[in-house]
Amino acid sequence: MLVKRFIDVVGSLALLLLTAPLITVIGVAIAATSPGGVLFRQARAGHNGRPFKMLKFRTMRAGADAQRDALAACNETNGHLFKLRDDPRITPVGRLLRRLSLDELPQLINVLRGEMSLVGPRPLPLNDSDYTGPARARLSVLPGLTGLWQISGRSDLPWEDMVRLDLHYVKHRSLGLDLAILVRTIPAVLTARGAH
């Protein structure tokens, strides 16, 4: 765990420094094209269910959270996930950021703070993570910026497959598996498979 934490700190710091110019450009683009803050903060379930504020670049119009219930009937997935391929709340800049997974860059700060890891199960919103049974085991490790779900289809996968992949990670986690996931994340992001 100490080695994993060291990799998280060094990796997130290095990536933040490398992507600083890109982060600046994204922030300016969001601010210039839609009213509201540049960052979106949402309460997520962390290690052992402990809440934390996960950071993302804002990809939706201001007040989009309040419109989720009205779109519930259009949800394209099941379980505790809400996904809508052509979500009308997403801004044009936000659509591009999501397709390239650039909206996730601020989570490197969450990794640096120790709230997340570079690799692990994706953190779910608190109101979506109150589940029981085998799926609860996914909370026994730090949530990750990427994981088996992200390299296996992301939003195209149903809830049951996401849980199965996360539980496999929890049971078999190792530095070798983390490295393999990090390497496979690059083509998954570049091809934008399952990103919406």
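Read along the sequence, the protein follows the pattern α-α-β-β-α-α-α-β-β-α-α, which comes to 7 helices and 4 strands (DSSP runs numbered from the N terminus, with helices being H or I of at least four residues and strands E of at least two). This is a predicted model, in which local features need pLDDT of at least 70 and side-chain atom pairs count only at pLDDT 80 or more, while totals for chains, interfaces and linings use all residues. Residues are numbered from 1 along each chain as its sequence is written, and side-chain values use heavy atoms, with hydrogens and water left out.

**Whole protein**
- Of the 196 residues, 46% are buried (under 20% relative accessible area, with exposed meaning over 50% and partly exposed in between; 1.4 Å probe, protein chains only).
- Taking contacts (heavy atoms within 4.5 Å) between residues at least 6 apart in sequence, 69% join residues at least 24 apart.
- Carbon and sulfur atoms account for 65% of an accessible surface of about 10,200 Å² (Shrake-Rupley method with a 1.4 Å probe; for residues, only the protein chains shown count as cover).

**Helix H7**
- Helix H7 covers residues 175-191, and its 17 residues should span 24 Å at 1.5 Å a residue; the end C-alpha atoms are 25 Å apart, which agrees (the expected span is 1.5 Å times one less than the number of residues).
- At Thr 185, H7 bends by about 25° (the angle between axes fitted to the seven residues ending there and the seven starting there), and Pro 187 follows within four residues.
- Asp 178, Ile 181, Thr 185 and Ala 188 of H7 are buried.
- An α-helix has 3.6 residues a turn, so residues three or four places apart point the same way.
- The partners of the buried H7 residues are helices H1 (2-18) and H6 (159-172) and strands E3 (117-119) and E4 (144-146).

**Arg 58**
- Arg 58 sits in the loop between strand E2 (51-57) and helix H3 (68-71), and is buried, with a relative accessible area of 8%.
- A polar atom of the Arg 58 side chain lies 2.8 Å from the backbone oxygen of Met 60.
- Neighbours within four places in sequence aside, Arg 58 is in contact with Ile 30, Ser 34, Pro 35, Gly 36, Gly 37, Val 38, Leu 39 and Phe 40.

**Gln 42**
- Gln 42 belongs to strand E1 (residues 39-45) and is buried, at 17% relative accessible area.
- The side chains of Gln 42 and Arg 44 are joined by a polar contact of 2.7 Å (a pair of N or O atoms within 3.5 Å; within protein, one must be able to donate a hydrogen and the other to accept it, and residues adjacent in sequence count only if both atoms are side-chain atoms).
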